[in-house]
Amino acid sequence: MTATAPFRYDIVGSFLRPASLKAARKAFEEGTLSLEALSKAEDEAILDLVEKEKACGLKAVTDGEFRRRYWHLDFLAALDGVTEVHADHWSVAFKGAQPKASTIAITGKIDFTDHPFLNHFRFLKKAAGETLAKMTIPSPSMLHLIACVRTESYTPIERYRDEAVLFEDIAAAYQKAVLAFYDAGCRYLQLDDTSWGEFCDEDKREAYAKRGFDLDRIAKEYVKVLNKVLAVKPKDMVITMHICRGNFRSTWFSSGGYGPIAKTLFAHCLVDGFFLEYDTDRAGDFNPLHHIKDQKVVLGLVTSKSADLENSEAIKRRIKEASALVPLDQLALSPQCGFASTEEGNLLTEEDEWKKLTLIRSIAREVWPDAD
C-alpha cells in the first residue's frame, strides 16, 4: 500500500473543526472544561472524521490536525530548545484576516524527545485500523525560517553563533522524529512548508535581501537539512512535502511561480513526492516542473479556500497540460491545501469540503485507471 503513496487522489491533511470541538476548546481556554474532557472531545471528533474519510474512499487518513491550534507552532514549540512566545503580530501578513499572534524562539539545544505528537499519531493509527494513517508535521525549514529569518530581532544563543551547528541540530532532531514516528507505526509522513512559497515571492525576496539574507544560499541549506533527514528514512516509509503560500480563513501571504526555487528544490530534494498548489495563477505555470526527477507530483488544482466547485473538465485539461512536463504516472490530484491550517478554518462548510474531495476522487478515477 505505502509503495503507491501519495495516492492518485489524496489530501493535504487538515479538516474543518466540528462545532462540538470548537466549543470544547473554547470552554477549555475559558477554564470551564478540563484537559481530560478536551482530550475526550478531540478523540471523539477524530474517530468521527476518520470514518468520514474512509467513507469518502481516501486511501490514507489524517486526524485533521484536530488537536492543534496551528498547523506548525504546536509541533515546533514541543521540540526541546524551542519556546512559544507572545507576539504583537503574526510573523507574516496575510491578505486579510490575521491569526492570533504567536511565534517561537530558539532558547536551547534543539532536540526531539518525548514529543506529544507521537501519542497523537498512535491514536490516529488505532482509529485508522487497516487504512493507512498519514501524519503531517511542519518541515525542518520552518523552524529556521520563523525563528531566524522572519524574526527581525533574532540573536543566536551561544551554541548557535555558528549557524552550521544550528542546521546540524535541526537535522538531527528531525532524524529522531522520523524514526520515532516510524517506530510508532507511521509509514506516510508529510512535511508542510511555507518557506518555499515565500522564496517564490518576488516582493518577499526583495525585502529579505534588504535585510541581508541570501535566499538562494538559505534554500540550498534547507535542502541539505532535508536530505540529511530523509537519509534515515526506512525503505517502506513514504515522506512527502507540501508547499504552501499561506492558508488562514481563506487568505494567503505569498504569491509567485515555482521558478525561483525549482532547480534547487525539485532537482535535489529527495522526498518521495511534492504536494504543489496550483489552484490560482498566484502559483504560476507548470514550466518549473521540468526540474522534477522521480518524485511524484500531487497537483493541488482544487482550492480549499472557497466552496465554489471546480469544473471537472477544466481540471482534467490542466492535468493533461502538466503531463507534458511530468509523466502522467507520476502525477496525482488533491486540494491545494488543508481546509483548516489553524483551528479557525477556511470560509466553507464541512459539507463543502466533502464535496471537494468527492470531486477529486471522481476526476482521478477518470484520469488514472489505477486510481482505486
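Predicted model: local features only at pLDDT ≥ 70, side-chain atom pairs only at ≥ 80, totals over all residues.
Visitor: Histidine 72, buried or exposed?
Guide: Histidine 72 is buried, at a relative accessible area of 3%. Here buried means under 20%, exposed over 50%, and partly exposed in between (1.4 Å probe, protein chains only).

Visitor: How far are the C-alpha atoms of histidine 72 and threonine 83 separated?
Guide: By 13 Å, with the two residues eleven apart along the chain.

Visitor: And histidine 115, where is that found?
Guide: The loop between β3 (102–111) and α4 holds histidine 115.

Visitor: Is histidine 115 buried or exposed?
Guide: Histidine 115 counts as buried, because its relative accessible area is 3%.

Visitor: What does histidine 115 touch?
Guide: Phe75, Ala78 and Leu79, leaving aside residues up to four places away in sequence. Contact means heavy atoms within 4.5 Å.

Visitor: What about aspartate 114, buried or exposed?
Guide: Exposed, with 78% relative accessibility. Aspartate 114 is in the loop between β3 and α4.

Visitor: What's the phi of aspartate 114?
Guide: Positive, about 50°, although aspartate 114 is not a glycine. For background, most residues other than glycine have a negative phi.

Visitor: Backbone check. The peptide bond from alanine 5 to proline 6, cis or trans?
Guide: Cis, with omega near -5°. Most peptide bonds are trans. Proline 6 belongs to the segment before α1.

Visitor: Switching to rings. How many aromatic pairs does the structure hold?
Guide: 17. Rings of Phe, Tyr and Trp (its six-membered ring) pair if their centres lie within 6.5 Å; planes under 30 degrees apart are stacked, over 60 edge-to-face, the rest tilted.

Visitor: What are the numbers for the rings of phenylalanine 15 and phenylalanine 339?
Guide: Centres 6.0 Å apart and planes at 35°, so this pair is tilted. The partners are 324 residues apart: phenylalanine 15 lies in the segment before α1, and phenylalanine 339 in the loop between β9 (331–335) and α12 (350–367).

Visitor: Phenylalanine 15 and phenylalanine 339, buried or exposed?
Guide: Both are buried.

Visitor: What about phenylalanine 75 and phenylalanine 117?
Guide: They make an edge-to-face pair, 5.3 Å centre to centre with 75° between the planes. Phenylalanine 75 is in helix α3 (residues 73–77) and phenylalanine 117 in helix α4 (residues 116–128), 42 residues apart.

Visitor: How accessible is phenylalanine 75?
Guide: 0% relative accessibility, so phenylalanine 75 is buried. Phenylalanine 117 is buried as well, at 2%.

Visitor: Which residues do ring pairs link into a cluster?
Guide: Phe75, Phe112, Phe117, Phe121, Tyr174 and Phe181.

Visitor: Helices next. At what angle do α6 and α9 pack?
Guide: About 35°, with axes 8 Å apart, for α6 (residues 163–183) and α9 (residues 215–230). Axes are lines fitted to C-alpha atoms over the stretch in contact, and angles run from 0 to 180 degrees between N-to-C directions.

Visitor: Which residues make the contact?
Guide: From α6, they include Phe167, Ile170, Ala171, Tyr174 and Val178. From α9, Arg217, Tyr222, Val225 and Val229 are among them.

Visitor: How many residues of helix α5 are buried?
Guide: Eleven of the eleven in residues 140–150, so α5 is largely enclosed by the rest of the structure. Ser141, His144 and Arg150 are among them.

Visitor: Last one. Is serine 20 exposed or buried?
Guide: Exposed, at 54% relative accessibility. Serine 20 lies in helix α1 (residues 19–29). From serine 20 to serine 141 is 34 Å, C-alpha to C-alpha, and 121 residues in sequence.

Note on methods. Residues numbered from 1 in each chain as written. Heavy atoms only, no water. Helix = DSSP H or I, 4+ residues; strand = E, 2+ residues; numbered from the N terminus.
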